[in-house]
Amino acid sequence: MQPRTNDDGLHPVFCTIVPPHVLDKLSHSGDARLADPARRTLEADGLRRNRRRLTALAAAPATPTAGAVPTKPHRTLYDCENGTSLPGTKVRDEGDKPTSDASVNRAYAGLGATFELLLSAYGRSSIDGKGLPLIGSVHYGHEYNNAFFDGEQMVFGDGDGEIFLDFTYAIDVIAHELAHGLTQYTANLRYEGQSGALNESVSDVFGSLVKQFSLGQSAEQADWLIGAGLLAPRVSGDALRSMKAPGTAYDDDVLGKDPQPASMEEYVETEEDNGGVHINSGIPNRAFYLLASALGGNAWERAGQIWFDVLTGGELTATADFEEFARLTVAAAGARFGERGEKEAVLKAWSEVGVPTAE
């Protein structure tokens, strides 16, 4: 299935793992050790976001590559050496031995794990289905408190050591950023409002699935946390987000309390963060967790397959809201598994978070 496009083709966007509202909160801290890195990160993200918007306007839709579809990844890692010029200096290519830099090796492994899940579970070669090379840059900026996908590659900061640690520590963060590319080449969801929250949620879903796949965990064994290991010891929290219990990932004097809603009753209306894409993603995240838990076993096999079928099926519109996505997951469950327990479990999961599924 070819990626869904509108008249102006694909819409690659600038997507970060740490939401702007978190960085904004830090930037107002009275402690310069916390505020200064956050301000620099916000400024750098703003510049990258504007640059991405301008280059996207001039970009032509991707064309399929010719020849056999690769069944092995082609990864290239770069070192920005704490600068902001991308991609940086090449430090590891596909098949090279591990380097002395742990950040490089973790990013290399994370990109490989994401490629492996897509190929093994869903028969898809890389994020575009045609073996697209995977590019990552580490040590971006000075105390840069984020990781992002800019439509072309993954980029990882080292963190400030006070609030955030090295962003390559969490394999689900690496996979999350790469999954934005998967969405770009498939449903092409607009990065605003509910379609943007779905964009973020899909990345959390596949980020978590890559983590579970790499650890050999069942849905019951998984922690369902996004970014566990990223928060520095001084922070009162477990991760950036919880798919199992949105709104409980952190509760900290400096960061504040996790604002994610767990159901439509708590849906947040805001103009910030493109209409709350990192906040309201908690609702479809929890729906997926509920489905995966109800089905049991390996989440990537049935729950993940349903989400993947919707993402790649060609019917999901670029401006889809939660209800559209939910209806399509019900249809996808029926199409793949028939009138078995999977379809009923999908209906129940969406009902529990308050998203209608009726036509």
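A: Accessible areas come from the Shrake-Rupley method with a 1.4 Å probe, and for residues only the protein chains shown count as cover. Here the protein chain exposes about 14600 Å² of accessible surface, with 48% of that belonging to carbon and sulfur atoms. Bear in mind that this is a predicted model, where local features need pLDDT of at least 70 and side-chain atom pairs pLDDT 80 or more, while totals for chains, interfaces and linings use all residues. Residues are numbered from 1 along each chain as its sequence is written, and side-chain values use heavy atoms, leaving out hydrogens and water.

Q: How many helices and strands does the protein chain have?

A: Take DSSP runs, numbered from the N terminus: helices are H or I, at least four residues, and strands are E, at least two. This protein chain has 10 helices and 10 strands. Its radius of gyration is 19 Å, close to the 21 Å from the globule rule for 359 residues, so the chain is as compact as a globular protein of that length. That radius is taken over C-alpha atoms, and the rule is 2.2 Å times the number of residues to the power 0.38.

Q: What percentage of the 359 residues is buried?

A: Buried means under 20% relative accessible area (1.4 Å probe, protein chains only). In this chain, 57% of the 359 residues are buried.

Q: Why is α5 said to be largely enclosed?

A: Helix α5 covers residues 193-215. Of its 23 residues, 18 are buried, so the rest of the structure largely encloses α5. Just after α5, Gly-216 has a positive phi of about 65 degrees.

Methods
Buried < 20%, exposed > 50% of the residue type's maximum accessible area, 1.4 Å probe, protein only. Expected span 1.5 Å × (residues − 1).
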